[in-house]
Amino acid sequence: MKIYLAGPIFTERDRMYLDYIYKNIKPIFPNADIYVPHRNKEINDKTKCATSYDIYWGDYNRLKETDLLIALVSGDMPPIGTTCEIGIFTQMIDANPSKKLIALYDDCREGYITCQNPNVAAAKMSAMQKEPGENQMSYVNIFLTGAIKTHGKLVCSSQELFNALKGDEYHE
């Protein structure tokens, strides 16, 4: 099985989180070839000069071989490269439905979490409508959410991700 772990790669924190996810999925898929883009030094060693073509074709060719795309889309804005990888991969799923997609969006401001109590929700909404900059809800692009949910699954914690990956749906 070939797995592609997509997510933000440009800060130490981002790479550490991808490494954490990797370390937790490796025991679930002990024989899998797991590709983590920031570890591909041919195209992501920033002391070298990979062109946009090198990066695109390097990752695109890996996506073509991928059986399971695990995409991290958390944060104020999902990573643009990751959203492109999801878009490309959903088209590959259309051509080969045996390919799988699961995405992690673990923002603690998610409305379904913060607004379960109707009285609290009403108070939050009222406060948000009175002053600029008081939105306490997260936002993920609805088109991206639709692409993920149409072609795979969206989970909201790393533990939910690990539990889902242990299920039969993601094993050959």
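A crossing of two helices counts as right-handed if the near helix is turned clockwise from the far one by less than a right angle.

**View 1. Packing of helix α1 against helix α8 in the predicted model.** The crossing of α1 and α8 is right-handed, and the contact is built from Tyr17, Tyr20, Ile21, Asn24 and Ile25 on the α1 side and from Ser158, Leu161, Phe162 and Leu165 on the α8 side. Of the residues in this contact, seven are nonpolar and two are polar, while no charged residue takes part. The axes of α1 (residues 12–25) and α8 (residues 158–165) come within 10 Å and cross at roughly 30 degrees; since angles under 35 degrees count as roughly parallel, α1 and α8 are therefore roughly parallel to each other.

**View 2. The open sheet of five strands.** The strands follow the order β2-β1-β3-β4-β5, with parallel pairing, and the edges are formed by β2 (33–35) and β5 (153–155), each of which pairs on one side only. From one strand to the next, the twist averages 20 degrees.

**View 3. Strand β1 beside β3, with helix α3 lying across them.** Strand β1 (residues 2–6) runs parallel to β3 and is joined to it by four bridges, and Ile3 stands opposite Leu68 in β3. Helix α3 (residues 52–65) lies across β1, β2 and β3, and runs at about 135 degrees to β1.

View 4. Confidence is highest in strand β3 (residues 68–72), at a mean of 98, and lowest in helix α5 (residues 111–114), at a mean of 54.

Technical notes:
Residues are numbered from 1 along each chain as its sequence is written. This is a predicted model: local features need pLDDT of at least 70, side-chain atom pairs count only at pLDDT 80 or more; totals for chains, interfaces and linings use all residues. Side-chain values use heavy atoms; hydrogens and water are left out. Axes are lines fitted to C-alpha atoms, for helices over the stretch in contact, and angles run from 0 to 180 degrees between N-to-C directions. Helices (H or I, at least four residues) and strands (E, at least two) are DSSP runs, numbered from the N terminus. Angles under 35 degrees count as roughly parallel, over 145 as roughly antiparallel, 65 to 115 as roughly perpendicular and the rest as oblique. Contact means heavy atoms within 4.5 Å. Ala, Val, Leu, Ile, Met, Phe, Trp, Tyr, Cys and Pro count as nonpolar, Asp, Glu, Lys and Arg as charged, and the others, Gly among them, as polar. pLDDT is the predictor's confidence in each residue, from 0 to 100. Two strands pair if DSSP finds at least two bridges between them.
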